[in-house]
Amino acid sequence: MHRQVKERLTDLNLKLKLIKGATAPSYSTKGSSGMDVYAHLEEELTVPPLSRVLVPTGFYIEIPEGYEIQVRPRSGLAIRNGITVLNTPGTIDSDYRGEVKIILINLSDTPFVIHDKDRIAQIVLSKVERMDFSIVSELSESGRGEGGFGSTGV
């Protein structure tokens with residue numbers, strides 16, 4: 001079982017709403033970059049090989065404007081079971097107020113069972129810089145130029 005790290009690591013305090021019985025995201029260690037996210041299921045969920053599922057977490061979060069939460073896979077699930085987050089990294093926008101759900105895919109050749117309170121992903125809070133565009137007819141030169149996929153070597 002993981003240890004829940006209670007020590008406050010930042011001054012940024014987000015609002016979190018939990019459905020009854022859901023588990024709040026938590027850091028496993030003081031050095032963890034991401035908070036573990038837990039499944040909130042009434043019954044176990046089987047993910048067939050090469051299939052995807054939307055897994056409820058039972059929490060809602062209010063993200064400050066100028067930030068996003070990135071949803072990332074858990075490395076242990078990926079290497080041991082072939083389970084990963086499909087749209088990695090997933091983005092939760094600051095104006096979203098619905099239940100956080102995680103899109104998982106099973107890239108293995110065997111079914112994978114998710115139980116209530118299993119750690120299924122991790123979330124990382126990230127600062128967002130907004131951009132604008134100036135429409136131009138030419139871009140500046142660079143050493144790489146238009147070299148695309150694989151152009152810089154293996």
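Asp116 is partly exposed, with a relative accessible area of 33%; in this classification, buried means under 20% relative accessible area, exposed over 50%, and partly exposed in between, for a 1.4 Å probe and protein chains only. Lys117 is likewise partly exposed, at 38%. These two residues form a salt bridge in which the closest N and O atoms are 4.0 Å apart, a salt bridge being a side-chain nitrogen of Lys or Arg within 4 Å of a carboxyl oxygen of Asp or Glu.

The structure is a predicted model, in which local features need pLDDT of at least 70 and side-chain atom pairs count only at pLDDT 80 or more, while totals for chains, interfaces and linings use all residues. Residues are numbered from 1 along each chain as its sequence is written, and side-chain values use heavy atoms, with hydrogens and water left out.

A search of the whole structure identified three salt bridges. Helices (H or I, at least four residues) and strands (E, at least two) are DSSP runs, numbered from the N terminus. Both partners are buried, Asp36 with a relative accessible area of 6% and Arg74 with one of 18%.

Asp36 also forms a salt bridge with Arg119, whose closest N and O atoms lie 3.1 Å apart. Here too, distant parts of the chain are linked, since Arg119 is in strand β11 (residues 119-127) and Asp36 in strand β2, 83 residues apart. Arg119 counts as partly exposed, at 29% relative accessibility. Through shared partners, salt bridges join Asp36, Arg74 and Arg119 into one network.

Not counting residues up to four places away in sequence, Arg74 touches Asp36, Arg119, Ile120, Ala121 and Gln122, contact meaning heavy atoms within 4.5 Å.
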